[in-house]
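Reader: I have a structure open and some time. Can you walk me through it?

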Amino acid sequence: MKGLPFLLAGLLVLPSCEKYTLNRVYRAEALSSHGHRGRDTSSVLEGKPLSDTSVYVVAVVVPESYDWRKDPSFGAVGCTVQLWKDNELQFSSEAGPGADIGTSPDSHHLAGGHLYTEKTSEEGTTICCDGKVVLRYGQREQLKGLLVKEGRIYTLGRNLDGGGFCFRRDGEPLLKRDSGEIFGDFSHPLYGRGGALYENEGAVCFSFRNAASCYCVVDGNMKNVGTVSSASRVRDLRLLGGEVYYISDYTTSMVVTGPSGSQALPSTAKWLNAELLARADGVWACAESEDRTLCTTLGPHGRNVLLFGAGNLIYSGASEFFALGYDGGNFRIIKPPGNVIYSRDSTFLLSTSALAFAGDEPFALVNPKEKDANPFVWSGGKKTEFRMNGYLTAIEVEVSLPRSRCGSRPAAPRFAREEPLPE
């Protein structure tokens, strides 16, 4: 919904060459695993996975004697980035000073069982897949979207030097603009794993606004989208099922417009933010006010889902909505209308990739604040610890994931253990 809340954690800096301050709040997806402590590596113990599912987790491991929660060396300590699939290590790669992989959680993107990382330097932008450089170009860009389709890597990057953005395929520009505000990014969970990039009828798409006009970009071709002239601001705009949908502000209400007409959200609340989502049960609009979040389907037979509480991150499972709340270290997963199904105090929320779903079953990454406490994955009332000195940045759950072709996947020793959470 709105931008991620900030975690005021003093001088907390993640160990990398980037001096990245840990002040974001994020989320993740699902896994079950366990491990034993090692100096610079971690091992995963296997819990009971759901049938026909694969769970991927990204871990950043630092030397055993190093307190990553305080990082007094201001990013000068080398570390390791690992990708785990269930109980098997997929790869382990050097990160930190002089490496091509960054360690900040918002630079890690899981897609189809592979880890894509982004890193900017004075020389430009480097993108790795499973620890190997796949793209490198001279412009300094922050990714707003990344999508892999038929072996091609599509990226949408915001220019860090001169403003504007560039849409690329395998590093080559397809569309470059000197200005424009992109709809969506990786901090918006309802947009999905691709961030601002998504597929519509086989095409790679995104949308943006520039001054008073809105545009859809389809496979690099820009199309002006006519919106109602009386709208004061367009909050979100997407191509869904080949049709244009958008949410806009009016004097007294917020209105959702689609191919069959418009409908206003209830005027009893002052709606602050809104996003669109296409699901098997229809097109949804989710809007947040100062004290609630409303998700509503479009059309005469639509239904409403109400979540109480503001400032939450909104996620969608296959057929249900969830909220991820974070307040003063209290990590909460909430189902409508306000039922807390999991809560833990003294926790860092490091990434919007910290919550994922197998159908409507949530999987969450938990990074405790307590020294010597192990990070873990929570699902179904059980936790799976990663016995390591470090933190978890992203999680992905895939059902019947097909084999793909990025990176090698060395096997790792197998372990087995699963624990219920303490009361």
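Author: One term before we start: a strand here is a DSSP run of E with at least two residues, and strands are numbered from the N terminus. In that sense valine 377 is placed in strand E35, residues 376-379. Keep in mind that this is a predicted model.

Reader: Fine. How many helices and strands are there in the protein?

Author: Zero helices and 39 strands.

Reader: And what share of the residues counts as buried?

Author: 56% of the 423 residues. The accessible surface is about 17700 Å², and carbon and sulfur atoms hold 47% of that.

Reader: Which residues have the most contacts inside the largest nonpolar core?

Author: That core has 32 residues, and Val57, Leu324, Phe331, Ile333, Leu392 and Ile395 have the most contacts inside it. Elements giving two or more residues to this core include strand E4 (53-61), strand E33 (355-358), strand E34 (361-368), E35 and strand E37 (390-399). Strands E28 (313-316), E29 (321-327) and E30 (330-335) are also among them. Another core, of 20 residues, lies apart from it, with Val60, Leu83, Leu350 and Ala394 among its members.

Reader: Pick phenylalanine 331. What is it in contact with, neighbours within four places aside?

Author: Its contacts include Leu324, Gly325 and Tyr326, then Tyr342, Ser343 and Arg344. Thr347, Leu349, Ala364, Leu365 and Val366 are also in contact with phenylalanine 331.

Reader: Thr347 is on that list. Where does threonine 347 lie?

Author: In strand E32, residues 347-348. Threonine 347 counts as buried because its relative accessibility is 0%, the cut-off being under 20%. Its side chain reaches the backbone oxygen of aspartate 345 at 3.2 Å. Beyond four places in sequence, its contacts include Tyr326, Gly329, Asn367, Pro368 and Lys369.

Reader: Now sheets. In what order do E28, E29, E30 and E31 come?

Author: E28-E29-E30-E31, as an open sheet with antiparallel pairing. E28 and strand E31 (339-344) are the edge strands, each pairing on one side only. On average, neighbouring strands of this sheet are turned by 20 degrees against each other, direction ignored.

Reader: What joins E11 to E12?

Author: Eight bridges, with strand E12 covering residues 152-159. Leucine 146 has threonine 155 in E12 as its bridge partner.

Reader: And the other end, E13 and E14?

Author: Strand E13, residues 165-169, is joined to E14 by five bridges. Phenylalanine 165 is bridged to arginine 177 in E14. E13 and E14 form a hairpin with two residues between them.

Reader: Which residue in that turn has a positive phi?

Author: Aspartate 170, at about 50 degrees.

Technical notes
Residues are numbered from 1 along each chain as its sequence is written. This is a predicted model: local features need pLDDT of at least 70, side-chain atom pairs count only at pLDDT 80 or more; totals for chains, interfaces and linings use all residues. Side-chain values use heavy atoms; hydrogens and water are left out. Two strands pair if DSSP finds at least two bridges between them. Helices (H or I, at least four residues) and strands (E, at least two) are DSSP runs, numbered from the N terminus. Buried means under 20% relative accessible area, exposed over 50%, partly exposed in between (1.4 Å probe, protein chains only). A polar contact is a pair of N or O atoms within 3.5 Å; within protein, one must be able to donate a hydrogen and the other to accept it, and residues adjacent in sequence count only if both atoms are side-chain atoms. Contact means heavy atoms within 4.5 Å. Accessible areas come from the Shrake-Rupley method with a 1.4 Å probe; for residues, only the protein chains shown count as cover. A nonpolar core is a set of buried Ala, Val, Leu, Ile, Met, Phe, Trp, Tyr and Cys residues joined through side-chain atoms within 4.5 Å. Axes are lines fitted to C-alpha atoms, for helices over the stretch in contact, and angles run from 0 to 180 degrees between N-to-C directions.
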